[in-house]
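Hi everyone, thanks for making time. Let me put the structure up, and then we can walk through it together.

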Amino acid sequence: MDDYKLRIIEAKNIINEADYIVIGAGAGLSEAAGFHYGGKRFDDYFSDFKEKYGISDMYTGSFYPFKTEEEKWAYWSRMI
């Protein structure tokens, strides 16, 4: 247990001394912050993809096996 406490203290010191901190996160972080991948936002901006490909939300559309690079990047350019 003492080793665990020491590691926490060390991590805290490193964070306090850092000029910058980079956080790598997935969709869960943005979802928790209020960015929803489906619903009105998806319908407003991706209705053509929903209709043509049956994609139900922005997140799952990220994994859709588009037949061409043009289709894939048309989706991703809007997503980004």
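**A walk around the model**

Let's start with Asp 44, which is partly exposed, with a relative accessible area of 46%. On this scale, buried means under 20% relative accessible area, exposed means over 50%, and partly exposed is in between, with a 1.4 Å probe and protein chains only. Before I go on, a word on what you are looking at: this is a predicted model, where local features need pLDDT of at least 70 and side-chain atom pairs count only at pLDDT 80 or more, while totals for chains, interfaces and linings use all residues. Residues are numbered from 1 along each chain as its sequence is written, and side-chain values use heavy atoms, with hydrogens and water left out.

Back to Asp 44. What does its side chain meet in a salt bridge? The partner is Lys 40, at 2.7 Å from N to O. By salt bridge I mean a side-chain nitrogen of Lys or Arg within 4 Å of a carboxyl oxygen of Asp or Glu. Asp 44 and Lys 40 are about one helical turn from each other, because they sit 4 residues apart in helix α3. Helices here are DSSP runs (H or I, at least four residues; strands would be E, at least two), numbered from the N terminus. Lys 40 itself is exposed, at a relative accessible area of 61%.

With Glu 71 in helix α5 and Lys 52 in helix α3, the pair ties together parts that are 19 residues apart in sequence. Is Glu 71 buried or exposed? Glu 71 is buried, with a relative accessible area of 17%, whereas Lys 52 is exposed, at 60%.

Let's stay with Glu 71 a moment. Helix α5 covers residues 69-79. The Glu 71 side chain also reaches the backbone nitrogen of Lys 67 at 3.3 Å. That is a polar contact, a pair of N or O atoms within 3.5 Å; within protein, one must be able to donate a hydrogen and the other to accept it, and residues adjacent in sequence count only if both atoms are side-chain atoms. Leaving out residues up to four places away in sequence, Glu 71 touches Phe 49, Lys 52, Tyr 53 and Phe 66. Touching, or contact, means heavy atoms within 4.5 Å.

Some of those names take us inside. Which residues make up the largest nonpolar core? It has 9 residues: Tyr 37, Phe 42, Phe 46, Phe 49, Tyr 53, Ile 55, Met 58, Phe 66 and Tyr 75. The largest share of this core, 4 residues, comes from helix α3, residues 39-53. A nonpolar core is a set of buried Ala, Val, Leu, Ile, Met, Phe, Trp, Tyr and Cys residues joined through side-chain atoms within 4.5 Å. Take Phe 66: not counting residues up to four places away in sequence, its contacts include Phe 49, Tyr 53, Ile 55 and Tyr 75, along with Glu 71.

Now the loop between α4 (58-61) and α5, where we find Tyr 64. Tyr 64 is partly exposed, at 30% relative accessibility. Beyond four places in sequence, Tyr 64 touches Tyr 53 and Ile 55. Tyr 64 and Tyr 53 are 11 residues apart in sequence and 8.6 Å apart in space, C-alpha to C-alpha.

Ser 62 lies in the loop between α4 and α5 and is buried, with a relative accessible area of 17%. Its side chain reaches the backbone oxygen of Met 58 at 3.1 Å. Apart from neighbours within four places in sequence, Ser 62 is in contact with Tyr 75, Trp 76 and Met 79.

My last stop is His 36, in the loop between α2 and α3. His 36 is partly exposed, at 45% relative accessibility, and its contacts beyond four places in sequence are Glu 31, Arg 41 and Met 58.
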